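Below is a short note on selected contacts in this model. Please read the points alongside the coordinates.

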Amino acid sequence: MQEFLPLVRDWFAERFGAPTEPQRLGWPKIRSGDDVLITAPTGSGKTLSAFLIALDDLIRRAERGSLPDATLVLYVSPLRALTNDVQRNLQAPLGELAALAADRGVRLQPIRTAVRTGDTTASERAKMLRSAPHILVTTPESLFILLTAERSRRLLTGVGTVIVDEIHAMAGDKRGAHLALSLARLDHLVREHGHPKPQRIGLSATVKPIEDVADFLGPTAAIVDVGHRRPMELSVEVPSEELGPVASNEMWADIYDRICVQIAAHRTTLVFVGTRRLAERVSFALTQRLGEGVVLPHHGSLSRTARFVAEQRLKQGELRAVVATASLELGIDIGSVDLVVQIGAPRAIATALQRIGRSGHWVGALPKGIFYALTRDDLIECAALVRTIRAGLIDAIEIPRAPLDILAQQLVACLLYTSDAADDLTRV
């Protein structure tokens, strides 16, 4: 860590001790300026491996008084919950670094962060345009909107680092193709204003084939592969009654009772289900058994306020359980969760790994997951899933190749909202 500022180096040593493997291997690659894909198990410090060099650069500029009124670091996440989480996790170290600098008599310019998602209010968006954040946390869809509107495009003209988190969650479908085209447009926009192409840093806990995902990130992207295997405590449970083609009401009651016992035996439990309707149903059933205020649902159809309250109370350890869909399966840092329950088969190895990894989301912890089979088919799938995870296998991602509908969508947006659309697209 000798390359970091003494201020940053001392803060890191006091807060975290020694670097983790993805940090130790990733920092030299990132410092070289090349695009980098880092794949490592959940809870191994991947996010900080991507951010710390950018934070070090911002601190250096802040100390010199040369921080521009522009966005320098762009973080792209597939989930709104994760963007809010990352911004909060950035504000804490920035505050600690500023306090440490003040103790040492070092004056720093304020380093601003902001989130731009579908949840961002009109007043927050206007504030962002008036005073550009140095670190902007966003989603692929909001990045597309930022690149489309003329005023918000100016925010992005000085971006030097783009961090793409949970890249595997986007690379395997057209959402990834859409993001790839947005990133190419961002490259052109930045170069057009006299700056070098932004460095891309991709992060993933589970990805295969890793070479294809690295090529998706950038054709010359370096790979830091720490692997995805991590010790886990896994089990499959079945109701007392014989399994059939569908779960009966008696089976559901038995499952609810068992989950309540497991919730009582753990600090915080995440219960994953397949649909938003089921999230509400399971949350209601658990609340009937455990009492009001200790279990909440979390899914994409909830209001921004309801989701935010659930996330905050979960992080603060005020909830015994949250029942969620995919809305909480990626990246979000919930340090108190020590058990994940999956009701029904999750259908994919990577999905199961991501969800189980929400428990024990800290260095050295042991994730714990319980799969509840609802039918005979679920039992076969869950048993095969656990066996596959223990063997160290994961799903292969199939990246869509040049989907023309995505190109058409970006083309129409450019032609409608930007004055330089034709030139913008011919160079992408």
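1. Lys174 and Asp405 form a side-chain salt bridge, 2.9 Å from N to O; the term requires a side-chain nitrogen of Lys or Arg within 4 Å of a carboxyl oxygen of Asp or Glu. Lys174 belongs to helix α9 and Asp405 to helix α16 (residues 404–417), so the bridge ties together parts 231 residues apart in sequence. Helices are DSSP runs of H or I with at least four residues, numbered from the N terminus. Lys174 is partly exposed at 42% relative accessible area, and Asp405 is partly exposed at 41% (buried is under 20%, exposed over 50%, partly exposed in between; 1.4 Å probe, protein chains only).

2. On basis: this is a predicted model, where local features need pLDDT of at least 70, side-chain atom pairs count only at pLDDT 80 or more, and totals for chains, interfaces and linings use all residues. Residues are numbered from 1 along each chain as its sequence is written, and side-chain values use heavy atoms, with hydrogens and water left out.

3. Helix α9 (residues 174–192) also holds Arg175. The side chain of Arg175 meets that of Glu141 in a salt bridge of 2.7 Å, N to O. Glu141 sits in helix α6 (residues 140–148), 34 residues from Arg175. Glu141 is partly exposed at 37%, as is Arg175 at 26%.

4. Arg313 and Glu318 make another salt bridge, with the closest N and O atoms 3.3 Å apart. Arg313 has 23% relative accessibility and counts as partly exposed; Glu318, at 42%, is partly exposed.

5. Glu237, Asp254 and Arg258 are linked in a salt-bridge network. The count comes to 15 salt bridges.

Conventions
Helix = DSSP H or I, 4+ residues; strand = E, 2+ residues; numbered from the N terminus.
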